[in-house]
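Colleague: Please take a close look at one part of this model and say how it sits in its surroundings. Then relate that part to the rest of the chain.

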Amino acid sequence: MAPVAPADTPAPDPATAKKNEQKEKAKADKAAKFAAKQAKLKQQQQQQPQQKAVAPAAPKAQAPSLPPYHDETPAGEKKLIRPFNDPHFQAYNPKAVESAWYQWWEKSGFFQPKLRESPDAKKFVIPLPPPNVTGALHCGHALANSLQDTLIRWYRMRGYSALWVPGCDHAGISTQSVVEKMLWKKQKQTRLELGREEFTKLVWEWKGEYHQRINNAQRLMGGSMDWSREAFTMDENLSAATMETFCRLHDEGYIYRSSRLVNWCTHLRTALSSLEVENKEITGRTMLDVPGYDRKVEFGVLTHFKYPIDGTDLTIEVATTRPETMLGDSGIAVSPGDTRYAHLVGKFARHPFTDRLLPIVEDSYVDPEFGTGAVKLTPAHDFNDYKLGERHNLEFINILNEDGTLNENAGPMFQGQKRFHARYTVVEELTKRGLFVKKEPNAMVIPLCEKTKDVIEPYMTPQWWVRMKEMADAALKVVEEGKIKISPESARKSYDRWLSNVNDWCISRQLWWGHRIPAYRVIFEGEEDIRETDNSPWVVGRTAEEAQAKAEAKYAGKKFRLEQDPDCLDTWFSSGLWPMSILGWPNTESRDFKNFFPTSMLETGWDILFFWVSRMIMLSLKLTGQVPFTEVYCHSLIRDSEGRKMSKSLGNVIDPLDIINGIELEALHAKLLTGNLKEEEVERATKYQKTAFPGGIPECGADALRFTLLSYTTGGGDINFDIKVMHAYRRFCNKVWQASKYVLGKLPEDFVPASNLDTSALSVPERWILYRMNCAVKGINEALETRQFSTSTKLAYQFFYDELCDVFIENSKGILSDGTPAQQQSVQQTLYWTLDVALRLLHPFMPFITEELWQRLPRNKDDAPASVMLAPYPEPDNSLEFASDAEDYELGLRCAGGVRSLAADYNIRADGRAFIKASTAASLDKVSAQLQNIKTLSGKGIAEVSVLGPDADEASSPKGCAVHVISADVAVLLQVSTQIKDIDAEIKKINTKLQKTTLAITKQQELMAREGFEKVSDVVLSAEKKKLADAQAAKENYERTLAEFSKLNLADGA
């Protein structure tokens, strides 16, 4: 039996993978499709009668296609189990296996935590990071859900009150952007034309549809979330929590209003967080498409021009990549001590278009080697200039309107122009005045809006801000004290670095979808036409009535009206309250808050560690005095098989439902046309899909999807996702299915599982498999406890595939057919015991197939758990510590493996003769006791296995044997002389292999001796050590085989 590639080995070679994919696809083809192909072939044959004699042979007979599966289980009821001889259950069929179980689990309340009153009762709570309610889930969500559900199921089976709270985020800017595009596409209307109230209604309708899609996808992936507690960030309670937080922080002085620079998207007309900004690097002059412009715009150019010095005929040359911003310049800075400009410091340059005077100042920020060494300062439109403007008390001049057109501050010549049109007209006007100098290419980074690809403008506008320093210090302290553990260590370091240099947080967004800010501007009678300033009065209130009462108390006797801020809060503000608001906060007496807060763990991507995780910690500490969770586990980002970030424009974003259900290549192409991709992006994405998924994506099922993603999760770098590996684990599911089917088929109808195994009567193979099972139980529990997900799946795979299936089940066949009744009954009990434990071990990783198979196991009592998810998770059993017996048996296994390896190398398929050479009396006894097992496991091609003891003389030793060294005391020999036609050529071939292996050993030793190698991860270290050990073993095998062949050569010569 050829094992499937485990998690830490390379994917199958392309030829094999492609062959397997085609095979699976063929099984799933509909009869109609096959008939269509046959009709086409017939038509071609009729059109070419002259070629009848050499017409291609008829296609090979195919297994009949299964009709579509239909589950007859009433909705929400326990699944009606069909027998293994049902066509849909003869082999693993994910659609049939995964049907009906989830609805029964959910309806039965299995996902809800069972609160225990005992003082030692333990809980495990995960708040699901809420996906944005903006469309389909992607593989990143599938990874997160797989990790979280594995832990929830594991803790639930271990007796914890396990709670996983689901929900969605309203995703203000993302959702509004998508709905605005849809509105324009369908009705050719903007949100401004539709109006705020009607537009908000439209978004709620859209949210209802997509919210349900997301929930259904999470159900299909098997997530055991407590849907009775599902939350949405704009639900009544979560909205109340958001209002409470804003008002409380404002009243305590943490929230304030100020005109400061923000990232501004002129297309959406809103401020953005840094997370919503993509930085595009260019190496020089580049023409880019910008929304709202018919022609591409020039970037990556350094424009040099001169400012005249007021009252003189002197000039000062400056350089900028954004010439249009010179309309807002209010100063010029030079490096202290720069002799070129020392005589100008303290003087003023005169603006050529606005007649404004620009002071020339010294500042160490200026790099005298960049550009001209003189820097134009635009404090209102550049983050660096903003700091210099504050330092030197410069004027902050905003030249932009919200839509990116120039306002009156730019001067009458430019007012009303679009900013990038002004980029060209400014240069033209400078040229006319003789002030333009030159242009030169310049590498730069261009900030783009993630949603619209608009070029972000630093823009000065009144916004609401949160003072962060004190809260950040508290958040750093709880991690330092160990109250919250962040892993992996790289994430912890990033957390510390970011919070140590935190800036105040802009929390207002110019949106209609979201939590409207509960702040009201106080407009006094007679001041209705006065524009807002930094000194304008504001009041806040959880309700309009509360705000009115506050204003009346504060401004008693004055006439005024209140005008609520039209802006909404940053989505991250309400999301930052997620762990506590979903459990009832601000009602700290609510049952869920008292029972389940703080939560146990947050599992998320490292990319939002700063924008979300740290803010949850800060807000929870500030508002509740407690940490929101005690552990943060950051998973890796998923990239495509080529290591590229997943992007819709590249065509490499994979919908997990397409993996679960399978999808044809043509359907993948069609999906590209339903989005907003440009024609050239569709072309590029289509090309990638043809390369990555030539046969489409085969149906793999949720269990294979989950197991694959878990196997990738090492806690290290990003994940390169390969569908071939996914399909290999789909075959592992079939292995689990067939092995279970075999075991259940070998149990008599009246079989009753033993309450306890009588270990005294067990054979050595039985003691070995129970020992290996116990090792797997111990290892998997330890791996999950330490969040070593890849290790846990590797151990589960190894036990089920390599040990239970490939060894013990194979070994059991002989006993079940030829053993005594007592031996047969013992093996049946052992098979049952190990299968039951194996299914419970696998359940957190693969919930559907394990439930389907576990429900088929015969039961000893009527009080057995209703579901495998409620059964106890296996724990190590000291009575199964058969280390000595296992060591002896594994010597026999290695001998059998050596025989199989040599038989494969020399293509011996029948009548093979093998010998086990033991050089000590102790090893002879061990090998002799395992002889029958070795023979059974050596394969059908081996007719005879003999043992040679330490007393065997040279004359009686077999000739013409290849050698496989097992240990210092034991070697396997296989007679291969009949397969060798030219012994000299064979010796030469082995010498060549020996030389290559020796070189490989040297290189591997050099690699492992390099400075810094000791710092590699445990996974890498283990893999590299194995490479060295394998090469050294191969070297010894070649040397011993050469010695044997040389004897054969000498004998022939004599």
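**A capped helix and its setting**

Modeller: Asp722 caps the N-terminal end of helix H23, with a side-chain oxygen 3.0 Å from the backbone nitrogen of Lys724. The pair falls under the rule for a polar contact: N or O atoms within 3.5 Å, where within protein one must be able to donate a hydrogen and the other to accept it, and residues adjacent in sequence count only if both atoms are side-chain atoms. Helices (H or I, at least four residues) and strands (E, at least two) are DSSP runs, numbered from the N terminus. This is a predicted model, in which local features need pLDDT of at least 70 and side-chain atom pairs count only at pLDDT 80 or more, while totals for chains, interfaces and linings use all residues. Residues are numbered from 1 along each chain as its sequence is written, and side-chain values use heavy atoms, with hydrogens and water left out.

H23 covers residues 723-745. Its 23 residues should span 33 Å at 1.5 Å a residue, and the end C-alpha atoms are 33 Å apart, which agrees; the expected span is 1.5 Å times one less than the number of residues. Buried means under 20% relative accessible area, exposed over 50%, and partly exposed in between (1.4 Å probe, protein chains only).

H18 is mostly covered, with 14 of its 16 residues buried. Just after H18, Gly625 takes a positive phi of about 75 degrees.

Next, the strands. Two strands pair if DSSP finds at least two bridges between them. An open sheet of three strands has the order S19-S27-S26, with parallel pairing. S19 (485-487) and S26 (602-605) stand at the edges with a single partner strand each, so one side of each has no neighbour in the sheet. From one strand to the next, the twist averages 20 degrees; axes are lines fitted to C-alpha atoms, for helices over the stretch in contact, and angles run from 0 to 180 degrees between N-to-C directions. S19 pairs with S27 (residues 631-635) over three bridges in the parallel sense, and Ser487 has Tyr633 in S27 as its bridge partner. Helix H5 (residues 139-157) packs on this sheet and touches S26 and S27, its direction making about 140 degrees with that of S27. Contact here means heavy atoms within 4.5 Å. Helix H13 (residues 489-500) lies across S19 and S27 and runs at about 115 degrees to S19.

Elsewhere, strand S1 (residues 123-127) has four of its five residues buried, so it is largely enclosed by the rest of the structure. S1 pairs with S2 (residues 161-165) over five bridges, again in the parallel sense, and the bridge partner of Val125 in S2 is Leu163.

With a disulfide defined as a pair of cysteine sulfur atoms within 2.5 Å, the count is zero. Cys139 is in none, the nearest cysteine sulfur being that of Cys700, 11 Å away.

For the whole chain, there are 32 helices and 33 strands, and 51% of the 1054 residues count as buried.
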